[in-house]
Each structure stands twice: as structure tokens, then as C-alpha cells.
Amino acid sequence: MGIRAPIYRLDDIRRAAARFLEEHHPEGTVPVPIEWIIEQRFGMDIVPMPGLKRAFEIDAYITSDLAEIRVDLDVYSSFETRYRFSLAHELAHKLLHAEVFSQLRFEGLEEWKKAREGISEREYRFIEWHANAFAGLVLVPPDALAKQFEAAKRRLTQIGLSIEEATPAAWDTLQSWVGDAFNVSGAVIDRRGRDDGLWVSE
């Protein structure tokens, strides 16, 4: 039997993210200091790697012993929001998928790629969805998102716009404002807002 992804629904991941924040960032401030948490609370190493994105089309990966997160050097040094999301995503694998990784033994990227190819597309998509959902919920906690969303709506009103009449460009601006508060991309904010029912998909 091949590798099977654990079964998590969105509510399961919401609870896991809430427990994580309660234990590792009880202050509740944003942006969540994900790099500090990984290094100081989990004792993991974050290792920049030149050319990772170019050669393997990935921003980061976690080693099979779950002790290091290796990040593309350009992402590490020049794309902070992607860097932060990648860290949270890879940490999710450590917390949610330890059983899966215990079945994957690889040294270096070539072996990682072969190990990845041994996971069916269906199972791999589940695993990645878990990690993306967890990363979004950790970096953009629900209560803080609702608060920042209300503040952004007031800010729109101050410049003569309303959320009901907002154009796509205004929505992009609103999501960018909210994203700045959490130091994540507007795309992450868009997905989190839809998941929390703050706005609907077009």
C-alpha cells in the first residue's frame, strides 16, 4: 500500500492552528513571528539554498528528519511574504505529517524528488492542502483577520468607497492593506477571507 495522507478537514486544521498559536504565540500580535517560533521554539534550522526555485520549482522543503527547512536563497532574501508563508507551510508538514515523513527517507533534493514521485497525486494534493490551510490560519488568525478587515473597510470609506461598491481594483487594495498587517500576500488574505466567510468567491 502506498503512502496515505491523514484525513483532516478544515475544522480540524483550524483547531490545530488555534492550539499552535495558543502554545507558541499567546501574545496574539501580528505579524506572527513565524521565523522566530521555528528557530527558538522548535530548534529547527532554516537553511537558504541558491537555485532551489530555479532547479526544482519549489520555494522550500523540509528535510526527512524534520529538523531543517531549506529555502530558496532569492525567496529568503527578497520575497518576505513568500518566505514567511513557506516557513509556515513546511512547519505544517512537521506538525501534521510526521507519520508520512517517517515513511520517506531522502538525502538531498534529487532523492526528495524521487520520494515525492512515490506519492500519488491525490495524496500529495491532500498533504499540500493541509499545509497551505494551516499556514494561512497560523499567519492570519481568524479574530485578527476580522478586526483588520473592519479597519480596512473604514479606511475605504474615508476615501469615498464602500465595500459594496468596491471595484476589483479596490478589493485588491483592501486585501493588500490587510496583507500588510500580517506580512502576507494579498492572495493569502483573499483565500483566508473566503474561508472565513468575510467575502465570497467571484
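Six aromatic pairs turn up when the whole structure, a predicted model, is searched. A pair of aromatic rings is described by the distance of the centres and the angle of the planes. For Phe 20 and Phe 134 the ring centres are 5.7 Å apart and the planes stand at 70°, so this pair is edge-to-face; the angle cut-off for that class is over 60 degrees. The two residues are 114 residues apart and link distant parts of the chain, with Phe 20 in helix H1 (residues 10-24) and Phe 134 in helix H8 (residues 121-139). Both Phe 20 and Phe 134 are buried. Tyr 76 and Tyr 83 give another edge-to-face pair, because their ring centres lie 5.2 Å apart and their planes are at 85°. In that pair, Tyr 76 is partly exposed, at 37% relative accessible area, whereas Tyr 83 is buried, at 6%.

Ring pairs also join Phe 20, Phe 42 and Phe 134 into a cluster.

In soluble globular proteins, nonpolar side chains tend to be buried together. Here the largest nonpolar core has 63 residues, and the members that touch the most others are Ile 34, Phe 134 and Phe 182. H8 provides the largest share of this core, eight residues. Phe 134, itself in H8, is thus part of both the ring cluster and the core.

Two arginines are placed over aromatic rings. Arg 82 lies over the face of Phe 79, 5.1 Å from the ring centre. The ring of Trp 177 has the charged end of Arg 155 over it, at 3.9 Å from the centre.

The remaining topic is empty space. Rolling a probe the size of a water molecule over the atoms shows where empty space is left. The largest pocket holds about 620 Å³ of space. Its lining consists of 28 residues, of which Ile 58, Ala 60, Trp 112, Tyr 124 and Glu 128 are the closest to the pocket centre. At least two lining residues come from each of helix H3 (52-56), strand E2 (60-62), helix H5 (80-96), helix H6 (98-102), helix H7 (108-117) and H8. Among these elements, H5 gives the most to the lining, six residues.

Notes: Residues numbered from 1 in each chain as written. Predicted model: local features only at pLDDT ≥ 70, side-chain atom pairs only at ≥ 80, totals over all residues. Heavy atoms only, no water. Phe/Tyr/Trp six-rings, centres within 6.5 Å; stacked < 30°, edge-to-face > 60°. Helix = DSSP H or I, 4+ residues; strand = E, 2+ residues; numbered from the N terminus. Buried < 20%, exposed > 50% of the residue type's maximum accessible area, 1.4 Å probe, protein only. Lys NZ or Arg CZ within 6 Å of the ring centre and 35° of its normal. Core = buried A, V, L, I, M, F, W, Y, C linked by side-chain atoms within 4.5 Å. 1 Å grid on protein atoms, 1.4 Å probe; cavity = no way out; pocket = protein on both sides within 12 Å on 5 of 7 lines; lining within 4 Å. Points joined across faces, edges and corners; volume = space filled by probe spheres on them.
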